[in-house]
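Hi,

Here is the structure I promised to pass on to you.

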Amino acid sequence: MPFSISIFSAPPGAIPLCSNVRRIPHCSYHIAPNRLRSRRASNFCQIFHGLRLWISESLSLLQHNGKSGQTQKFKTIKNHKGDEFEKPFEETSSQAQQVPEAVLKSNLSSASENLQSDAPDSSGSSGSLPQSLMSNRIVGDEEVPSLCIAVIGATGELATRKIFPALFALYYSGFLPENVGIFGYSRKNITDEELRSIISATLTCRIDHQQNCSDKMDAFLSRTFHVNGGYDNNKGMSKLNFLMEQIERYSEANRIFYLSVPQDALLDVALSLSSKAQTKKGWNRVIIEKPFGFDMKSSHFLTKSLLSQFEENQIYRIDHLLGKNLIENLTVLRFANLVFQPLWSRTFISSVQVILSEELGVQTKRFLDGGGIIGDIVHSHILQTIALLAMEPPISLDGEAIRNEKVKLLRSIRPLEPSDVVLGQYKSSAKDKVDLFLDDLTPTYFAGALYIDNARWDGVPFLIKSGLGLIKHSVEIRIQFRQVPGLGLRLDSPELNLLYKDKYNVDVPDSYEHLLLDVIDGDSHLFMRSDELAVAWNILTPILNEIKENNIKPELYEFGGRGPIGAYYLWAKHGVRWVEE
């Protein structure tokens, strides 16, 4: 039987040393003394509980070896600074009633000194852990968290409107551990409570998430903390790492870093994170928002810089449009429906259209740099959709196997010719409430005809269309099958339509929920690999060069209209019937 922990009980009427005592479970597990010694102390109570646990395990081990009843000398214990207790202590296990006072005082005093020396500077330049914050972040009776998630740029619009609500939805659904640690990192000098107040205004519970909604929300917010990174990311990331370690403690720790920052700050943040905030006790994954560069040259530089600090499998380039159910279900549509397998080729399909249009009121501030909509939507979302739609069957549904097939497909696409492209730019007035500072050459509309040079798709036009400020929002993939010959047979074309909101009485999860869960699970098939990135830019580079050389200019179209007239002629040129939205 394990050695009784009751020997450490306080005498009747005594005031407990710590109010939140961590119970030692009945199932025995061993923590090596060197782990206890090397652990950075987080506070007085944690030190006491760790010491008590180690002594209990040591006494249990002695009793198990038949040494109970004999006086045994414990070996000298060293802390992680190399200091030693001045004197070893003795205790008879069968007669022990409490931890020897001299040992307890010596250990607590030594660990307290280590805490003061290891903590970041209290001036705040590199971050400090106030006592009140420490007490808020103690795990207490729960298991130690195995996952910490940091949102860099936590007070920005993307983080507050999309990322934190998606994390809460995952937490409510049980896809995050109950004791997860969530950190918001920004340059603002705000408290934990102020960040929680900002976040709580955007958190909602879906129709199917109403039970105990407020309790779940409070629990989620209680595990969300703010880190003021200041303007020195090296010091800021050191502070973030220190605070994460307070939550992780002994556990095998995994970390996710979501870089919701502008492109000009991305590399500085990423490089500081790499050297100062990665855990060595588990995996680290870094999420990067698009655009992934603005052309071939800038993208190559960004990729090279990131790969000098991270492994490829650590980097997740996120495009929230790829998290939509339409895209998520492409692999299921293709490979789980055997009826489509023999039909999915040039023999039976005459054309494919991929359409993404955004309606009135969409802000375009994100398009002020680079190739406008080309770098933001066409490069990632449109080409990724075509790759998933047209790739060869992968050897498995593993993320890397799917990405291998996507790269093969993208390499088979011909570079775009200027004659097969129509660019547009909306014209608007102040009443439209959109960005009026677009460069004359910045396209907000793109239409093009792609051809895939392989045996399956030879000669089949893939027509793509994407624009802002159009008459309505639309995300569609249209597959036109060839006419079937017959004698006097007329076929009707009924609509084959499955809308989740009509079929199921639930709110459709946001695309950020899908993609964040994929990152947690390590599923990379909807995230662009470095070689995919380069091949996609290779397809679009001829058009970007034409824009830079002023050889092609966007055609103006009415804000709230159907786009440039030239797109109608492009469809006709390739023998495809234009279908109005």
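Predicted model: local features only at pLDDT ≥ 70, side-chain atom pairs only at ≥ 80, totals over all residues.

Which way do the side chains of β11 point? Y445, A447, A449 and Y451 point one way, while F446, G448 and L450 point the other way, and all are buried. In a regular strand, side chains alternate between the two faces of the sheet.

Next, look at the neighbours of β11. The strand pairs with β10 in the antiparallel sense, over 4 bridges; in this pairing, G424 stands opposite Y445 of β11. β11 is also joined to strand β12 (residues 461-467) by 7 bridges, and these two run antiparallel as well. There, A447 has K465 in β12 as its bridge partner.

Now step back to T444, which sits in the loop between β10 (421-427) and β11 (445-451). Is T444 buried or exposed? T444 has 0% relative accessibility, so it counts as buried. Its side chain makes a polar contact of 3.0 Å with the side chain of Y557.

Finally, the cysteines. How many disulfides does a search of the whole structure find? The search finds 1, and it joins C205 to C213, with an S to S distance of 1.8 Å. The torsion about that S-S bond of C205 and C213 is about 85°, so the disulfide is right-handed. C205 and C213 are both buried. C148 counts as buried too, because its relative accessibility is 0%.

Enjoy exploring!

Notes: Residues numbered from 1 in each chain as written. Heavy atoms only, no water. Disulfide = S-S within 2.5 Å. Buried < 20%, exposed > 50% of the residue type's maximum accessible area, 1.4 Å probe, protein only. Polar contact = N/O pair within 3.5 Å; in protein donor to acceptor, adjacent residues only side chain to side chain. Pairing = 2+ DSSP bridges.
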